[in-house]
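Subject: Handover of a structure and notes on its contents

Dear colleague,

Please find the structure below, followed by an account of what was found in it. I would be grateful if you read the notes with the structure open beside them.

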Amino acid sequence: MSFRRDIWRFVNFHIQSSLEHSPFLNPLRGKAFPPPAPPKECLFLTRAGLATRQRSSVRSKRAYTSEASRDDWKMTDDVSNSCQWICRNICQHTRFFSPSLPLSPAPSQPILLPPRYLRTSLLPSLVRTQFKRTAAPAPAPWHSSISFRFVSIFASTQKHEFSKMTRPRHPRTRNPDPEEDSKPTTSSSSGGGGGTAMRVIVPLQGVVQGRGGLVLGSVIPCALFYFLQLYLKRNRSREEHPPPPPSPSSSAEHLPEVPGLQRTLSRAHLSPRGPAHVSGRVNAILRSGDSPDIVGVKKYLEDAYDKMSNPDGVIQLGLAENKVGSDLVRNWLVENGREAMLGDELSISGITNYQPFDGLMELKVAVAEFMSQAIEGAVSFDPSQIVLTTGASAAIEMLSFCIADAGNAFLVPTPYYPSFDCDLKWRSGVEIIPVPCRSADGFSLNFTALDLAFSQAKKRGVKVRGIIISNPSDPVGSLPNRETLYNLLDFATEKNMHIICNEVFVGSTHGEGFLSMAQVADSEDFDRSRVHIIYSLSEDLSLIGFNVGVIYSFNQNVVAAAKKLARFSSISSPTQRMLVSLLSDTRFMQNFIRISREKLGKMYMMFTGELRQLGIECVKGSGGSYCWADMSGLIRSYSEKGELELWDKLLNTAKINVTPGSICHCIEPGWFRFCFTALTEEDIPLVMKRLQKVTETCKSRS
Amino acid sequence: MRLVVPLRGIVGGRGGLILGTFVPCALFCYLHIRRLRFLATRRVSERAEPIAKAEESPYYVGLGRVSQDPFDEVANPNGIIQLGLSENRLCLDLIEEWLSENLTGAMIGHGGDKRHLGIGGITGYQPHDGVTELKEAMAGFMSQVMGGEISFDPSRIVLTAGATPAIEILCYCLADPGDAFLVPTPYYPGFDRDMTWRTGVELIPVHCHSADNFILSIAALQQAFNQARKRGQRVQGILISNPSNPVGNLLPQKTLHDILDFARNKNIHIISDEIFAGSIHGNEEFFSLAKILDAENFDKSRAHILYGLSKDLSLAGFRVGVIYSYNDDVLAAAKKLTRFSSVSAPTQRLLISLLSDTSFIGRYLETNRKRIRKMYDIFVSGLKEIGVKYVDSSGGLYCWVDMSGLMHSHSVKEELELWDKLLNVAKVNATPGSACHSIEPGWFRCCFTTLSEGNIRIAIERIRKVAEMHKSSR
């Protein structure tokens, strides 16, 4: 121990004295140049690492003198710090290091060791030692500056060796850093192992070695990974989707027109330009013109049937208009309409002033009560989860906007209510993925098909956000059973999707076994936040013109968003006031639901019975104001074309407007929806007579 | 690699690079998938999220506060006085009188004939964009409101559930997501929601200054347009309010001509929000866009007028808005889009009767103007007394008040502090100019038509207190 300490002192002394003698460190001692030759002991120390040639010190002197004159290095370093640093290095390199030695801490000042230190023959050998031992020397600012010079000094003697070692470090001219100063020591002390560790990353050395090593090293591969994914996704969607999705495409298709929209700033073109263009997305809506249902309604409006004034007019069986209970409501309105609207105390401000956009609380309470009344009080609904809108269309649009982003998709079992196409696609830009149901299953939901549709959508890279079902099913009129609803919830939970349940015909069930989604969600420990129910007062109350839709959601976030969006479709207060009174009249409402259900059931039996006599079979329905009839025996070719031909014949020859299955996206041609509730009982024979004409001509031809 | 000494055990070894990249990547992916999986049903869609969490501008915060603690002379004399909602309650007695006389007839049919169009018309299917009778009545009403010189074509009218969806539908029809509208500031705070939320359209403010009496300058318009083009943004139109909403001034004929010229040169649309056309109380002449278009041979297909019954007929709760467009494509599209926001049939029935009663409407409009004028005079003289400046306006149900004298410094922050002081200390809810995107701080919009004369004095008194507090603190 004492021997080591002696050596330490010795080295310390010699280096300090040699540095002090330098004319550049201490210009007053200019004559001390050249400094005393390195003491033998010092050489001995360094020889532990390698054999220094005597010649080297001479060469370095020469090189230095030639260089010193044009050197403009500033002396900003702390000499004692430098010395301590050097000493520490010596100790380590020569394995004399002992923790008990009084090592000064790493210098707080950055050390820029100017080339003049090269004069001491000790230093070159030191550095060389280090180079030798660590295959790829770790960075240290002064190293780089020294080694830079060093190459020139030793170029002749050890060209191959140094050039190999120093080259990768030439561009590194970073600011010295106290932290980095201590690093070379650790690396060199760790010996060969550290050297090989560094070797591994040599190709990325410039990137990952610095301070941001961890950050860059993780961000860059991550970014690469993401780009790769993005690239793959794009390529895939391009291959599999020749026509891009509707909403972006509408703008894209518009693009070629843009040049026509030239808006140059030049005043020279003051001549009238082309007409101002509408937005691209609205062009798509404009073009989505005349599907059979719209044509049918138009035809009906032009030439509506009336028993007295127009007995040969078109009979409307295409709109789910419920006139069964309208007498009752009409009478109620005549009696109570005025009081209902103005209230008891005739408070005008209740209807003229601004009201909450999402509906009056009184109406929400009344609607919640009515909804629970319609399912015989099986569940009670919470008024605070209700948002009122102008009609079920607005409710569906709003829900789809809140749940899905543009380009996402909903799974919808077919045949489905034709308006979903407009409600979901137009402004929300949501895709509909049809899940075909077949007549063989009675058009009930097929989970294999559902699963298949889901996985296919996933393969295409389309995000499926939910399932929309109608309960009672809209064109078919059947009721999904308990098991189907539970399975559906399980499926949604498994795939992490939302369920939108369209229950607008809840009060129009005439068969047994209706089960609301709310009941199912209530009864078991499902994640209810994925269940949303759409309801409407139009169909059940025969109040189609009132246009009141209801969103009932178990998801607080969706309710919050829908409440804010309700500003775009709020119901006018006179209507709301009227409905509050109507719905609060529980005696009337109970009576109304009972009578209208009875009437509906009777009408259904009568209508389907008559159809059966004509040889047209219907799917057994227990809800809704319509029946789903199989007329595939009457179509000439078993295809959509044949179906539309028959529809055209029904409309123009028989003057009956019905809904063909193809616009409900039914995959089997030949199915038609007959909304019989728009008729009175006396009109049924007339409809049958007209139908008979068509069936006879079809049969005679075939 | 040295730097990662704390993680040396993992990244220092031979597999340093692999582990050092794999671990953060895996962590990142894991968190990402977790987030998607577990938040998917809780969360609303990405586009609905900003709407659900919409940051409340002072305009909406103020309205919310008032609804919690409304002023009432008897029941709650320390409540907040509402000066933030442009609602007209001055002529409710007239409407009430009419309704009590005619309601039954309007709803059920005239002369007590129960089989008349009445209830059948209410309960059956209606065209979403409004029944033709109401459109005709509305066209008549609009021309009556605008002085009877202009005639409106009922087939160019689309009725919506309020002016809010009317603006949204127009925006949707005229611009694609990312396109922009130029809107002169200060503008109605609701535009931010109506025009941008679902349509994805952006609003570019065109600043007007008090020095110009807040009249739009074409140079500013041109500049904003050029800047937008430089950014690569497509400007699809200009939205002007006439009478201007927070300020209450009317656009001069020349400015309207200039704006039309500008729109034609740039081939952009022009939407004129004339919802306050019937609430003009000054002597200045009001020039509707329709009037300008009638007079000259402009390309009309780029002009669209917004109207509603909320302000002029004091029927805010009825939710009736009007799109009057000269562009056939826009009309066709808007008609289709009204399926999402149609006016319910009972309201339509009622309005047909109300609007067809031209003698009542004439009387109503006349009285309404007089009463607004009276209230304006009272309010303005009160402001003069306490030494607060305002813009002389001749339209609208509000006054654009310069309260920068009550602020310590000229900044938006100070303005909001003053607003806060008015709301919480003085208990008066006014709309600060920053909510209207006014570029000059210190302006407030005060609507005076929801109050009675006595309450206006109370409101002025409360503002005076704030002014005195300011003086004493200085």
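Helices (H or I, at least four residues) and strands (E, at least two) are runs assigned by DSSP and numbered from the N terminus. The model is predicted, so local features need pLDDT of at least 70 and side-chain atom pairs count only at pLDDT 80 or more, while totals for chains, interfaces and linings use all residues. Residues are numbered from 1 along each chain as its sequence is written, chains are lettered from A and ligands numbered from 1 in the order in which they are written, and side-chain values use heavy atoms, with hydrogens and water left out.

In chain B, a cis peptide bond links Thr185(B) to Pro186(B), with omega at about -10 degrees. Pro186(B) belongs to the loop between β3 (180-184) and α9 (191-196) of chain B. Chain A has a cis peptide bond between Thr414(A) and Pro415(A), where omega is about -5 degrees. The loop between β3 and α18 of chain A is where Pro415(A) is found. Asn267(B) is not a glycine, yet its phi is positive, at about 55 degrees. This residue, Asn267(B), sits in the loop between α11 (253-266) and β6 (269-273) of chain B.

Strand pairing

Two strands are said to pair if DSSP finds at least two bridges between them. In chain A, strand β3 (residues 409-414) and strand β4 (residues 431-436) are parallel and pair over six bridges. Within this pairing, Phe410(A) has Ile432(A) of β4(A) as its bridge partner. Together with helix α18 (residues 420-425) of chain A, β3(A) and β4(A) make a right-handed β-α-β unit. Right-handed here means that, with the strands pointing away from the viewer, the path from the first strand over the helix to the second runs clockwise.

Chain B contains an open sheet of four strands with antiparallel pairing, in the order β9-β10-β13-β12. Its edge strands, each pairing on one side only, are β9 (389-390) and β12 (431-432) of chain B. Between β9(B) and strand β10 (residues 398-402) of chain B there are two bridges, and the two run antiparallel. Opposite Tyr390(B) stands Val401(B) in β10(B).

The two domains of chain A

Chain A is divided into domain 1 (292-325 + 593-700) and domain 2 (343-585); such bounds come from an automatic or database domain assignment. The C-alpha centres of the two domains of chain A are 26 Å apart. Contact (heavy atoms within 4.5 Å) involves 30 residues of domain 1 and 34 residues of domain 2 of chain A. The area buried between these domains is about 2,600 Å², with carbon and sulfur atoms giving 57%. Buried area is the accessible area (1.4 Å probe) that two parts lose on being put together, summed over both.

How many salt bridges are there between domain 1 and domain 2 of chain A? The count is two, where a salt bridge is a side-chain nitrogen of Lys or Arg within 4 Å of a carboxyl oxygen of Asp or Glu. Over all chains, the structure holds 40 salt bridges. Arg597(A) forms one with Glu376(A), and the closest N and O atoms are 3.2 Å apart. This pair links distant parts of the chain, 221 residues apart: Arg597(A) is in helix α25 of chain A, and Glu376(A) is in the loop between α16 (361-374) and β2 (386-389) of chain A.

Yours sincerely
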